Amino acid sequence: MVYKFRVILDTEEDIFRDIAILEDDTLEDLHNAIVNAFGFDGMEAASFYACDDSWAQQEEEISLFDMSDDPAGGRTMGSTTIGSVLDEDQTKIIYVYDFLNMWTFFVELAAIEEEEPGTAYPELLFSHGILPDHIPTKSFTSDPVSNDDIYGDFDDDYDEEDYDMFEGDDSFTDYGEDNY
């Protein structure tokens, strides 16, 4: 069977790619199809994350390389078929590429169809939108701090006089900015 996915970049603009891939292909094959469809160089680490129907990330991570502490090894993209993770009941998964920049994608199974003879898979079916030059910023805070109070819980009782504890002590050389 052929799985048809819509891969959506997590941005305000509509940027997505539709990809067809065989259900027996691995998540590494899907990873490579996504990397190629969005024009990445493929040199960065990536992971898929299980999620629920509202895109809430679950604990399970399927990484490109085994990074687990388990001596038996963790689940990797190369050893996990697409059909073992996604089906008609479980249609969504999150994909993160390049952990320094955190390119985040919502991957949704849109259709399961018969394989078309003579078609090479994976196949890019449709492309919409251009990848931005810079990764969209993400806010990973649960309680945003008011802009008026940038110190939040780190505010203390010290004032300017407390920082002048060595004022008048001539045993120190003053390397302040006036001496440059």
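**View 1. Arginine 75 and its partner glutamate 60.** Arginine 75 is partly exposed in this predicted model, with a relative accessible area of 35%; here buried means under 20% relative accessible area, exposed over 50%, and partly exposed in between (1.4 Å probe, protein chains only). Its side chain meets that of glutamate 60 in a salt bridge (2.4 Å, N to O), a term for a side-chain nitrogen of Lys or Arg within 4 Å of a carboxyl oxygen of Asp or Glu. Glutamate 60 lies in strand S4 (residues 57–63) and arginine 75 in the loop between S4 and H2, so the pair ties together parts 15 residues apart in sequence. Helices (H or I, at least four residues) and strands (E, at least two) are DSSP runs, numbered from the N terminus. Glutamate 60 is also partly exposed, at 34%.

View 2. Lysine 4 pairs with glutamate 113, the closest N and O atoms being 2.6 Å apart. Lysine 4 sits in strand S1 and glutamate 113 in strand S6, so this bridge ties together parts 109 residues apart in sequence. Now look at arginine 6 and aspartate 18, whose side chains meet in a salt bridge (2.7 Å, N to O). This pair links arginine 6 in strand S1 with aspartate 18 in strand S2, twelve residues apart. Arginine 6 is partly exposed at 32% relative accessible area, whereas aspartate 18 counts as buried at 14%.

View 3. H1 (residues 27–38) has twelve residues and reaches 16 Å from its first C-alpha to its last, close to the 16 Å expected at 1.5 Å a residue; the expected span is 1.5 Å times one less than the number of residues. Its buried residues include Leu27, Leu30, His31 and Ile34. Just after H1, glycine 39 takes a positive phi of about 80 degrees.

**View 4. The largest nonpolar core and phenylalanine 48.** A nonpolar core is a set of buried Ala, Val, Leu, Ile, Met, Phe, Trp, Tyr and Cys residues joined through side-chain atoms within 4.5 Å. The largest one has 31 residues, and Phe5, Leu30, Phe48 and Phe105 are among those with the most contacts inside it. H1 supplies the largest share of this core, seven residues. Phenylalanine 48 touches Leu30, Ile34, Met77 and Tyr95, among others, not counting residues up to four places away in sequence; contact means heavy atoms within 4.5 Å.

**Notes for all views.** Residues are numbered from 1 along each chain as its sequence is written, and side-chain values use heavy atoms, leaving out hydrogens and water. In this predicted model, local features need pLDDT of at least 70 and side-chain atom pairs count only at pLDDT 80 or more, while totals for chains, interfaces and linings use all residues.
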